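Let's take a walk through this structure, one piece at a time. Have a look at it first, and then we'll go from helices to salt bridges to strands.

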Amino acid sequence: MKIKADYVNAPQWRELAVKSTLPEELKCLGEIAHNMWWVWNYEARDLFRDIDPELYHDVRHNPVMLLERLSFARKQAILNDKALMKRIKDVYQLFRTYMDVEPDSKRPSVAYFSMEYGIHSALKIYSGGLGMLAGDYLKEASDSNVDMCAVGFLYRFGYFTQSLSMDGQQIAKYDAQNFNSIPVERVYDKDGRPLVVDVPYNNYQVHAYVWVVNVGRIKLYLLDTDNDMNSEFDKPITHSLYGGDWENRLKQEILLGIGGVLLLNKLGIKKDIYHCNEGHAALCNLQRLCDYIDSGLTFNQALELVRASGLYTVHTPVPAGHDYFDEGLFGKYMGGYPQKLGISWDEFIGMGRTNPDDHSEKFCMSTFACNTCQEVNGVSMLHGKVSQKMFNDIWRGYYPSENHVGYVTNGVHFPTWAATEWRKLYAKYFDKSFMSDQSNQKIWEAIYQCPDEEVWKTRMALKQKLVDYIKEQFRDTWLRNQGDPSRVVSLLERINPNALIIGFCRRFATYKRAHLLFTDLDRLAKIVNDPERPVQFLFSGKAHPADGAGQGLIKRIYEISQRPEFLGKIIFLEDYDFLLARRLVSGVDIWMNTPTRPLEASGTSGEKAEMNGVVNLSVKDGWWLEGYREGAGWALTEKRTYQNQGYQDQLDAATIYSLLENEIIPLYYKKNKKGYSEDWIKVVKNSIAQIAPHYTMKRQLDDYYSKFYEKEAKRFKKLSANDNRLAKDIALWKETVAERWDSIRVVSAETNQDLNAIEAGNDFTLRYVIDEQGLDNAIALEKVNVYTDKDGEEKIFSIEPFEVKSHDGNLYTFECNCTPRQPGFYKSAIRMYPKNDLLPHRQDFCYVKWLELPL
C-alpha cells in the first residue's frame with residue numbers, strides 16, 4: 001500500500017480571549033482612560049504616551065486600547081519605575097481634584113441632544129463640524145462645572161474612513177467599533193442587568209442598550225440598537241452616522257428624540273432646559289408632550305411647558321439642508337401619536353409644516369422644532385439673520401427682522417485645540433485667571449509682551465511637528481495607493497517646514513469652493529514654484545458618500561497635485577480626523593476658507609487655528625464676518641459683485657491670487673537676520689490678542705446661558721409652579737383668543753389727515769374702535785411702515801404703536817399719533833395682534849390680522 005503524502009484533518013479552532021488586567025496600583029489609569037478628560041489635559045496624554053510610545057502610536061492615542069494591549073512585562077516595569085509611578089499618582093490627583101467638584105446648582109440644568117459628538121478619534125460617533133461643536137460644548141460644560149447631560153448614539157460603524165485610489169477617487173470604508181476597546185461603559189439597571197430602553201415604533205418596539213461616555217464631569221448617554229432583541233431591520237438604526245435611506249433616518253430621529261427622553265426618564269433625570277442641537281432631535285419634544293399629558297394636562301397646557309423649556313439650534317443656512325418626510329412614511333411610524341396627544345392627525349402633522357393645511361407639504365423636523373421650542377438660534381450673527389428669513393413663513397404676519405430667532409456664534413474648546421506648546425506659552429505670559437476668564441481680551445493682550453522670537457519658535461516647532469506627522473502617517477498609505485515609490489519619496493522630501501504652508505481642510509461640499517484656488521493654474525504654478533519664496537498647500541477633508549460633486553472636487557485636486565509642477569507643492573491628506581485636524585490647525589501658517597456667501601453657517605476650524613497663532617484668509621462669511629480685524633488676517637468681502645456665480649468665483653479667485661502675491665507672501669518672507677518676519681509676527685500677535693478671545697467655547701456656553709437658558713428656566717419655573725397654574729392660565733387665554741379671533745371687528749376707523757397728502761414733519765392721528773368680543777384688553781394695534789430696498793426686498797422702515805385711550809364694554813378706542821420724518825415712498829398698514837405680558841415673544845402666539853388704513 002502506498003503511504004499518503006499528507007494526512008491532516010481540519011483544525012478545530014476556538015476563540016480564546018486573554019484578558020488584560022491592571023495591577024491594583026495601576027487601576028487608576030483605567031479610571032482616567034475611561035474619562036475623556038485626558039483629551040484636553042496634556043499631562044494625561046503625555047503620561048499615556050510615555051507608558052509605551054510605540055503602542056500608543058499603534059492604537060491611535062486610545063488609552064483604553066493601550067492599557068488593554070499592555071504586556072505583563074511592561075506593567076511590571078512600570079511598577080518598578082518610581083519616577084513614572086509618581087507621575088501616575090500626580091496625574092490621578094489632578095484628575096480627582098477636577099472631578100470631585102460639585103456642579104454649579106445656581107445655573108439652569110440642561111439636557112443636550114445631538115446626532116453626533118466629536119470628542120476624540122478613538123470614539124467614532126462624529127462626521128464633521130456639527131459633531132466637533134457638540135463635543136467641544138460638553139467639554140466646556142464640564143470645565144464650567146454646569147449641570148448638563150447629553151444624549152446621542154453609539155454607532156457600530158460610525159462615519160467612514162477615507163482613502164484615495166490611484167486616480168484620486170474617494171474610497172469609503174466602514175470599520176466596526178469594538179465597544180470594549182473604546183472609552184465607553186455599559187449602563188446597568190439596579191439589578192445589575194444591562195439597561196434597556198424600549199422605544200415605541202407605532203405597532204412594535206425597538207430595544208436599545210445604553211452606554212455612557214464620561215466627558216469630564218458630564219455624562220453622555222449613547223443608545224445602541226445593534227442587539228439580538230431587535231429585528232434585522234432595526235439593528236442597523238445605530239450602525240452608521242447619516243447612513244441608509246429616509247426611512248432609516250426617520251427611525252434614527254425617533255430613537256434620538258423619543259428614545260432619548262425615555263432614557264432620561266428611566267434614569268430619573270429631569271432638567272430645566274432641553275436643547276436640540278439641530279432638527280434631528282426635535283421629537284424629544286413630542287415625548288415630553290406625551291409625558292405631560294400622561295400626568296393629566298391637556299395638549300395646550302403641555303405645549304406651554306414644553307415650549308418654555310425647549311431650545312432649538314439650527315446649523316444649516318438653506319431649507320434643503322433640513323429633514324423632510326413624506327406623510328405616508330411619517331404616518332407609518334407616528335400614526336399613533338395624535339391619540340396620545342388628544343389632537344387630530346392633521347393637527348399633529350401640521351406642526352411640522354410651514355402651511356399646516358397644505359397636505360402636499362412634507363413633515364419637516366426643523367419646523368416641528370420651531371413650533372415646540374420657545375427659542376430658536378442660528379450659529380453666527382449672519383446665520384441668525386439668514387435663519388430669520390429661512391423660518392419666517394412659520395410666523396406669517398411678521399417680517400424676518402421682527403421674529404425671535406437669535407444667534408450664538410460658535411466657539412471652540414480652547415484646552416482641546418490649543419497645542420501644548422501654546423498652552424505653556426500662554427500660561428507663562430497670561431494672568432493666572434485666564435482659564436476661568438477666557439473671553440477677557442485684556443488677558444490675551446499679554447501676548448504683545450511675549451518676545452517675537454519666542455512666538456516664531458513656537459510656530460516653527462508646530463510646523464515641524466506637522467511635517468513629521470505627515471511623513472510618518474502617510475508614507476505607507478501613499479506607497480500602497482500611489483504605485484510609484486520614487487514619486488512618493490520625492491513628494492515626502494519636498495514637504496518643507498520653512499515654506500509658507502497654507503491649509504484648506506474641511507468637509508468637501510461644493511459650496512465650500514475648494515476649486516477656487518485652481519481657477520488659474522499657470523498663476524498658481526508661479527506662486528508655488530518660486531525658489532526664493534516657496535509656498536505649499538495642504539488639502540484635507542471628506543465628501544459625503546452620496547455627494548458625487550464633492551467627491552469630484554477631491555479627485556480634481558488630487559489629479560492637479562500629481563502634475564509635475566505641483567508635486568509636493570499641493571498635497572491632499574486622506575482621512576481628515578481629530579488627530580490630523582489638531583496637527584493641521586496648529587501647524588500651517590494660513591488657514592484658508594472660501595465658502596459661497598452666505599452658506600457658511602459659522603465654521604469653527606478657523607477659530608481653532610486662531611488659538612495657535614495661525615492666521616485666517618477667508619471670505620467674510622459665518623464667524624469670520626464678525627471675527628475679522630484689519631492687521632490680524634485677510635478677508636474677501638462679504639458683498640457680492642456678480643449674480644452669476646461663475647463670474648463671482650473668478651473674481652474671488654483673482655482676489656486670493658492678488659492677496660497671496662502682493663501681501664501675504666511678501667510679508668511672510670520679509671525676514672530679519674534672525675530668520676523671521678517681524679511684521680508677520682505682528683499679524684500673528686494681533687490675531688491672538690484681538691480675535692481669539694471672542695471665539696472660545698467658554699464664551700459660547702456663557703452666551704447660551706445669558707441669552708437663552710437663564711431666561712427660559714426662569715419662565716418655566718413660573719409656569720410650572722403651583723401645579724402648573726400659570727401654564728394652564730396661558731393655555732386657557734390662548735384658547736379663548738383663538739376661539740373669538742375671527743369675530744373681532746373694526747367698529748370705526750378715522751384720521752384727521754388726508755393720507756394722500758402727507759407731509760414730512762406734520763403730525764396726524766389715527767383712531768380705531770375695536771369690538772374685542774369680551775377679551776378684555778387682549779388686543780394691540782400698530783402702524784407698520786415698509787419700504788423696498790435696492791434688491792427689491794420689502795423691509796420694515798418704522799413701527800408706530802397705538803395706545804388704548806378708552807373703552808366702553810367690549811369697545812376699545814385705539815389712537816396713534818403719527819409723525820412722518822423722512823420723505824419717500826412707503827407702504828403702511830395696521831397690524832392687530834393679541835397681547836399678553838406673560839408671552840415670551842409674539843411668535844409664541846402668532847395671530848395677526850391686517851387692517852386697512854382709514855379712507
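Helices (H or I, at least four residues) and strands (E, at least two) are DSSP runs, numbered from the N terminus. Helix axes are lines fitted to C-alpha atoms over the stretch in contact, and angles run from 0 to 180 degrees between N-to-C directions. What you're viewing is a predicted model, where local features need pLDDT of at least 70 and side-chain atom pairs count only at pLDDT 80 or more, while totals for chains, interfaces and linings use all residues. Residues are numbered from 1 along each chain as its sequence is written, and side-chain values use heavy atoms, with hydrogens and water left out.

Start with two helices, α5 (residues 72-79) and α6 (residues 82-99). Their axes sit 6 Å apart and the helices pack at an angle of about 85 degrees. That makes α5 roughly perpendicular to α6, a label for angles of 65 to 115 degrees (under 35 is roughly parallel, over 145 roughly antiparallel, and the rest oblique). Which residues of α5 and α6 meet? From α5 come Arg-74, Ile-78 and Leu-79, and from α6 come Leu-84, Met-85 and Ile-88, where contact means heavy atoms within 4.5 Å.

Now for charges. Side chains of opposite charge can pair when their charged atoms come close. A salt bridge here is a side-chain nitrogen of Lys or Arg within 4 Å of a carboxyl oxygen of Asp or Glu, and the structure holds 58 of them. Take Lys-332 and Glu-247, whose closest N and O atoms are 2.7 Å apart. This pair links distant parts of the chain, 85 residues apart: Lys-332 is in helix α11 (residues 327-334) and Glu-247 in helix α8 (residues 246-267). Lys-332 is partly exposed at 46% relative accessibility, and Glu-247 is partly exposed at 24%. (Buried means under 20% relative accessible area, exposed over 50%, and partly exposed in between, using a 1.4 Å probe and protein chains only.)

Asp-702 is partly exposed at 24%, but Lys-698 is buried at 14%. Further along α28, Lys-734 pairs with Asp-844, which lies in the loop between β27 (827-834) and β28 (849-851), so parts 110 residues apart in sequence are tied together. The closest N and O atoms of Asp-844 and Lys-734 are 2.7 Å apart, and both residues are buried. Elsewhere, Asp-46, Arg-49, Asp-50 and Arg-87 form a salt-bridge network.

Next, find strand β9 (residues 273-277), where five of five residues are buried. Ile-273, His-275 and Asn-277 point one way from β9, while Tyr-274 and Cys-276 point the other way. Strands pair if DSSP finds at least two bridges between them. Four bridges join β9 to β1 (residues 110-113), running parallel, and four join β9 to β10 (residues 310-313), also parallel. Tyr-274 is the bridge partner of Ala-111 in β1 and of Gly-310 in β10.

Finally, some backbone angles. Most residues other than glycine have a negative phi. Asp-723, though not a glycine, has a positive phi of about 60 degrees. Asp-723 lies in helix α28 and is exposed, with a relative accessible area of 57%.
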